[in-house]
Each structure stands twice: as C-alpha cells, then as structure tokens.
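This briefing concerns one protein structure, shown below. Please look over the sequence and the model before reading the notes that follow.

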Amino acid sequence: MAKRHAAPPSSALAKSSRARADQLVDAVARLKVAIASSFYEMGVALGELLDQKLYAVLGYASFDALLEDRELLSARQARKFIDVAKAFRRDPAVMLGPEKAYALIRYCARTELRARTKCSK
C-alpha cells in the first residue's frame, strides 16, 4: 500500500478538492482494470479487420494505413494484441496481461514448444 501524505489544511475548499481528488483516483483505478482486460477484445476486433481485409471497405489500402490514419494503435502494438487474441483464451490472456502473454507466445515460437505445450488455444 502506498504511503499517505499529510492531510491538507481543513478548509471548505481543501475538503472539496480532496473529494474531487479521491473521485479521480477511483476513476483511474476503475479505468486501469478496463485497460487491462480490453486489450483482448481489441485484439479480436483488430484481427477481424486484418484477416478479412475489412480496412479496404473503409477506403484504406492497408491495415497499417487504417491504424495510422485513425490513430488507433501502432501497427506493432496492434499485431501484439492480435497475436495474443489468436493464441490464448480470454481469461488466461487477461490474467497474464498483454506483454507477458505476448512474451510467452514469442518464447514458445522461439523454442519450438508451441506444438507440445499449452501455449496456444
């Protein structure tokens, strides 16, 4: 648990500011959880856009052009999310998080264990 700093002076403005600060911290904590789990759904959606070439019906010559023009994600990050969504079920992927799940995929691919382990679905 983080250290708590001394409470600010107890004026009405300070109390109002404290309440707002607490609301913002709570909001960030809730959104952090959403980020941690939404990467998987993003990977599924991005994978469909890529695999079915749906970027073309939106007028883009490539998947990367869509990502860049719409300012969605970097192509590298999008492909990481896609790889994780293709290799894992949702719950294990979310438990690991995007970076650890992707690292496990890369490890399995490099060591040729993918076919003999449960690295994939």
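Does Lys 80 count as buried or exposed? At 13% relative accessibility, Lys 80 counts as buried, where buried means under 20% relative accessible area, exposed means over 50%, and partly exposed lies in between (1.4 Å probe, protein chains only). The model is predicted: local features need pLDDT of at least 70, side-chain atom pairs count only at pLDDT 80 or more, and totals for chains, interfaces and linings use all residues. Residues are numbered from 1 along each chain as its sequence is written, and side-chain values use heavy atoms, with hydrogens and water left out.

**Helix H1**

- Helix H1 covers residues 12-51; helices (H or I, at least four residues) are DSSP runs, numbered from the N terminus.
- The 40 residues of H1 should span 58 Å at 1.5 Å a residue, and the end C-alpha atoms are 57 Å apart, which agrees; the expected span is 1.5 Å times one less than the number of residues.
- H1 has a kink of about 35° centred on Ser 38, the bend being the angle between axes fitted to the seven residues ending there and the seven starting there.
- The buried residues of H1 are Ala 14, Ser 37, Phe 39, Tyr 40, Gly 43, Leu 46 and Gly 47.
- These buried residues pack against helices H2 (63-69), H3 (75-87), H4 (90-96) and H5 (98-111).
- Just after H1, Lys 53 takes a positive phi of about 55°.

**Lys 80 and its partners**

- Lys 80 lies in helix H3.
- Leaving aside residues up to four places away in sequence, Lys 80 touches Glu 99 and Tyr 102; contact means heavy atoms within 4.5 Å.
- The side chains of Lys 80 and Glu 99 meet in a salt bridge (3.3 Å, N to O), defined as a side-chain nitrogen of Lys or Arg within 4 Å of a carboxyl oxygen of Asp or Glu.
- Glu 99 lies in helix H5 and Lys 80 in helix H3, so this pair ties together parts that are 19 residues apart in sequence.
- Glu 99 is partly exposed, with a relative accessible area of 42%.

**Other salt bridges**

- Side chains of opposite charge can pair when their charged atoms come close.
- The count comes to six salt bridges.
- Arg 79 forms a salt bridge with Asp 64, with the closest N and O atoms 2.8 Å apart.
- Because Arg 79 lies in helix H3 and Asp 64 in helix H2, the pair ties together parts that are 15 residues apart in sequence.
- Asp 91 forms a salt bridge with Arg 90, the closest N and O atoms being 3.8 Å apart.

Technical notes: Helices (H or I, at least four residues) and strands (E, at least two) are DSSP runs, numbered from the N terminus.
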